[in-house]
Amino acid sequence: MRPTGKLHIGHLVGALENWVALQNSYNNFHLIADYHALTTDLETRELYQNSIEMVMDWLAAGIDPVKSPIFRQSQVKEHTELHLIFSMLITTARLERNPTLKDQIRDLNMDSVVYGHLGYPVLQAADILLYKGEVVPVGEDQVPHIEITREIARRFNLQWGEVFPEPEPKLTKFARLAGLDGNQKMSKSIGNTILLSDSPEEIQKKMRTAVTDTQKVRRNDPGRPDVCVVFSYHQKFNPTEVPQIRKDCESGALGCVDCKKNCANKVAEFLEPLRTKRAHYEKNVSEVKDILADGERRAKEEAVKTMTQVRDVMMVG
Ligand code: AMP
């Protein structure tokens, strides 16, 4: 994940919940992609602070730093070295076809793309393969990048022998959570988010702005739950009431104002334990820094092993 500040519920349901679930059965590596954050925000002076904020959200969501390391990409130099080697194994034409890049250009109104942004998936391939990652728990927007990672692994192995696995993406049931404004993706850069750290009052306030079915103008008009973002949040955060909400929305018995209030309450209830856990780390930032130092040492050990192998097969023969 890129350290762009506090996380939103899209991060949670699209990726983070999977990380928490998988940490018991896999050797997870939890990467803070601080170099990647520069691809769309070169001006930021807050990479470190944002990294700390993000780790607090990870810990609050249940990531166990003893089971699996948490570390910054920039502190393990092997990422940039492997990125350089991988950049020889893929054409610019292939990277230009990346649909996630096209979406970002549209969403951020970009009129040009820097070389590093075009190469984002190549650095991501290094992030994954440095740890010989077999499974990558990501949201739907990242799936094209995992495909590029597989192509790079294949190309490397063909050239120099079997070194890397071809990783598979692992999606959750909510691999693309929509934003409050009805945009297909909740995203900080679009500004349509509910943060994991938002108070119940903030969640109520934000939920009131959510775009529902535009054809349901009056309270008693029949609605179409399947086009409504609030309904999609009910599906995740309030599953037991979903059949009744669908019925009442479709018949016109349930108005959007009440439906949103109920939804905001359920989201706030769901996030309450996370907010409590986060408050502990906010008061004890030194614990977070120690967790990073430990994670960076452990990640470095693995990264050095892989790079030694890579240099051996390529340069020594
Ligand atoms: P990013 O902040 O773009 O680095 O995303 C970090 C992870 O969260 C990636 O695996 C994304 O696919 C996932 N993610 C971000 N936004 C959403 C969303 N709205 N729905 C589902 N997953 C998301």
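# Briefing on a predicted model

Phe 231 is buried, with a relative accessible area of 4%; buried means under 20% relative accessible area, exposed means over 50%, and partly exposed covers the range in between, with a 1.4 Å probe and protein chains only. The structure is a predicted model, in which local features need pLDDT of at least 70 and side-chain atom pairs count only at pLDDT 80 or more, while totals for chains, interfaces and linings use all residues. Residues are numbered from 1 along each chain as its sequence is written, and side-chain values use heavy atoms, with hydrogens and water left out. Helices (H or I, at least four residues) and strands (E, at least two) are DSSP runs, numbered from the N terminus.

**Ligand**

- The shell around the ligand has 17 residues, and Arg 2, Gly 139, Asp 141, Leu 177 and Met 186 come nearest; a residue counts as near if one of its heavy atoms lies within 4 Å of the molecule or strand concerned.
- By type, the shell residues divide into 7 nonpolar, 6 polar and 4 charged. Here Ala, Val, Leu, Ile, Met, Phe, Trp, Tyr, Cys and Pro count as nonpolar, Asp, Glu, Lys and Arg as charged, and the others, Gly among them, as polar.
- A side-chain N or O atom of Arg 2 is 2.9 Å from an oxygen atom of the ligand. A polar contact is a pair of N or O atoms within 3.5 Å; within protein, one must be able to donate a hydrogen and the other to accept it, and residues adjacent in sequence count only if both atoms are side-chain atoms.
- For His 11, a side-chain N or O atom is likewise 2.9 Å from an oxygen atom of the ligand.
- In Gly 139 it is a backbone N or O atom that lies 2.9 Å from an oxygen atom of the ligand.
- On its own the ligand has 490 Å² of accessible area, and the protein covers 94% of that; such areas come from the Shrake-Rupley method with a 1.4 Å probe, and for residues only the protein chains shown count as cover.

**Aromatic pairs**

- The whole structure holds 9 aromatic pairs. Rings of Phe, Tyr and Trp (its six-membered ring) pair if their centres lie within 6.5 Å; planes under 30 degrees apart count as stacked, over 60 as edge-to-face and the rest as tilted.
- Trp 19 and Trp 58 form an edge-to-face pair, 5.0 Å centre to centre and with 70° between the planes.
- This pair links distant parts of the chain, with Trp 19 in helix H1 (residues 9-22) and Trp 58 in helix H3 (residues 47-61), 39 residues apart. Both Trp 19 and Trp 58 are buried.
- The pair of Phe 156 and Trp 160 is tilted, at 4.9 Å centre to centre and 50° between the planes.
- Phe 156 and Trp 160 both lie in helix H9 (residues 143-160), 4 residues apart, about one turn of the helix. An α-helix has 3.6 residues a turn, so residues three or four places apart point the same way.
- Phe 156 has 0% relative accessibility and so counts as buried, whereas Trp 160 is partly exposed at 28%.
- Phe 86, Phe 156, Trp 160 and Phe 164 form one aromatic cluster.

- Phe 231 lies in helix H11 (residues 229-237), and its C-alpha atom is 45 Å from that of Leu 84, 147 residues away along the chain.
- Lys 261 is in helix H13 (residues 256-283) and is partly exposed, with a relative accessible area of 45%.
- The C-alpha atoms of Lys 261 and Gln 204 are 6.5 Å apart, although 57 residues separate them along the chain.
- Helix H14 (residues 285-316) has 32 residues and reaches 45 Å from its first C-alpha to its last, close to the 46 Å expected at 1.5 Å a residue; the expected span is 1.5 Å times one less than the number of residues.
- Among the buried residues of H14 are Val 288, Ile 291, Leu 292, Gly 295 and Glu 296.

**Loops**

- Asn 109 has a positive phi of about 55° although it is not a glycine. Asn 109 lies in the loop between helix H6 (99-107) and helix H7 (115-118), and it is exposed, at 70% relative accessible area.
- Lys 132, also not a glycine, has a positive phi of about 50°. Lys 132 lies in the loop between helix H8 (120-129) and strand E3 (135-137), and it is partly exposed, at 29%.
- Pro 225 sits in the loop between helix H10 (200-208) and H11, and it is buried, at 3% relative accessible area.
- Pro 225 and Cys 249 are 6.7 Å apart in space, C-alpha to C-alpha, and 24 residues apart in sequence.
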